[in-house]
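Here is a short report on one protein model. Keep the sequence and the 3D view side by side as you read.

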Amino acid sequence: MTIVTVGIDLAKNVFAVHGVDETGKPMMVRPEVARAKLLELIAHLPPCLIGMEACSGAHHWAREFTRFGHTVRMMAPKFVVPYRMSGKRGKNDAADAAAICEAVTRPNMRFVPVKSIEQQSRLFVHRARQGYVEQRTALINRIRGLLSELGIVLPLKAATVRRETHKHLEDLPGWCNTVVGDALSELSRLDERIAQYDKHLAHIAKEDELSRQLMRLGGIGPTTASAIVATVGKGHDFTCGRQFCAWLGLVPGQYSSGGKQRLGRITKAGDPYLRTLLIMGGKAVLQSAKNKTDPVSRWAISVQERRGYWKAVVAIAAKNARMCWAMLQRGEGFKMPA
């Protein structure tokens with residue numbers, strides 16, 4: 001019988017491969033395949049369905065396997081766990097590969113779209129910028145912690161920390177002055193690097209037609225627009241705007257039973273980076289809505305009056321996510337809310 005489905009448990013150096021025929025019978029069980037031999041092994045197989053977990057290197061392998069005529073599907077690891085027959089105590093690479101092979105054939109399985117080199121290169125810029133932002137936040141907190149040891153307690157606001165630290169710098173004793181001074185210099189360097197990456201993202205968004213369309217929406221700037229396009233492309237993997245919104249974790253979790261609907265807090269599933277950008281954009285829209293009379297601004301103000309500030313911000317972010325999906329799907333045919 002011909003192998004029709006293959007599950008691959010990805011790793012750094014040693015991979016596990018599990019292939020079955022159309023009846024589900026194992027035809028190829030390779031618990032240890034060296035990295036150098038994996039591509040050769042897959043190239044000799046007839047065109048088939050290949051399943052993998054979405055992890056580091058998965059998009060690279062998906063592009064490589066597609067060149068040989070295979071259909072590649074990637075899944076979130078949490079969706080594969082229920083299909084591991086041996087349970088948690090029997091987890092190993094071979095069992096993972098068999099579970100992936102079983103999960104990829106399920107009709108209701110949700111898959112991760114394969115990213116192109118161009119999409120990943122743009123996401124590189126986003127990931128690098130986010131790393132520098134996290135370093136800057138950690139450095140500011142380190143300065144606050146050091147100064148608190150000397151009885152100088154500063155608030156959380158970054159601008160205040162910078163200003164007050166410069167005021168107290170000359171009064172710090174001995175090596176304290178050296179350490180805090182070096183930290184401020186490093187903080188200035190990180191500011192410059194983040195500003196440089198902001199320019200990179202603005203340039204990426206300006207060159208891309210889809211990003212320019214998304215930036216027509218309130219609360220969607222170059223960073224958010226380029227991140228959405230780099231992550232989901234034209235959004236073909238989502239059937240509607242609400243599904244895209246649910247993938248971002250911007251919809252309430254359900255705890256319904258007995259015909260009674262109970263909605264809780266937002267699920268916070270999916271990509272936290274995109275969700276954070278959309279929520280920051282929602283805050284900007286709500287802040288400027290007081291001076292505007294367009295339909296979206298009036299709706300945002302009414303939601304704030306009825307449900308409070310933060311629920312209004314999340315509602316705006318969810319609305320923007322749905323409009324982004326519609327704009328990616330319809331292109332020039334999308335009509336702004338009138």
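## Ground rules

This is a predicted model: local features need pLDDT of at least 70, side-chain atom pairs count only at pLDDT 80 or more, and totals for chains, interfaces and linings use all residues. Residues are numbered from 1 along each chain as its sequence is written, and side-chain values use heavy atoms, with hydrogens and water left out.

## The whole protein

The protein has 13 helices and seven strands. These are DSSP runs numbered from the N terminus: helices are H or I with at least four residues, strands are E with at least two. The C-alpha trace spans about 80 × 60 × 50 Å along its principal axes.

Of the 338 residues, 41% count as buried. Buried means under 20% relative accessible area, exposed means over 50%, and partly exposed lies in between (1.4 Å probe, protein chains only).

## The largest pocket

The largest pocket has a volume of about 1,200 Å³. A pocket is an open set of points on a 1 Å grid over the protein atoms alone, where a 1.4 Å probe fits, with protein on both sides within 12 Å along at least five of seven lines; lining residues have an atom within 4 Å of a point. A volume is the space filled by probe spheres set on the points, which are joined across faces, edges and corners.

This pocket is lined by 34 residues. Ala 76, Phe 111, Val 112, Pro 113 and Trp 247 lie nearest its centre. Helix 5 gives the most to the lining, with four residues. The lining divides into 18 nonpolar, nine polar and seven charged residues. Here Ala, Val, Leu, Ile, Met, Phe, Trp, Tyr, Cys and Pro count as nonpolar, Asp, Glu, Lys and Arg as charged, and the others, Gly among them, as polar.

## The second largest pocket

The second largest pocket has a volume of about 670 Å³. Its lining holds 22 residues, and Pro 252, Ile 266, Lys 311, Val 314 and Ala 315 lie nearest its centre. Which helix gives the most to this lining? Helix 13 does, with seven residues. By class, the lining has 12 nonpolar, two polar and eight charged residues.

## A look at Arg 265

Arg 265 lies in strand 7. Is Arg 265 buried or exposed? Arg 265 is exposed, because its relative accessible area is 75%. Not counting residues up to four places away in sequence, Arg 265 touches Val 251, Pro 252 and Gly 253. Such a contact means heavy atoms within 4.5 Å.
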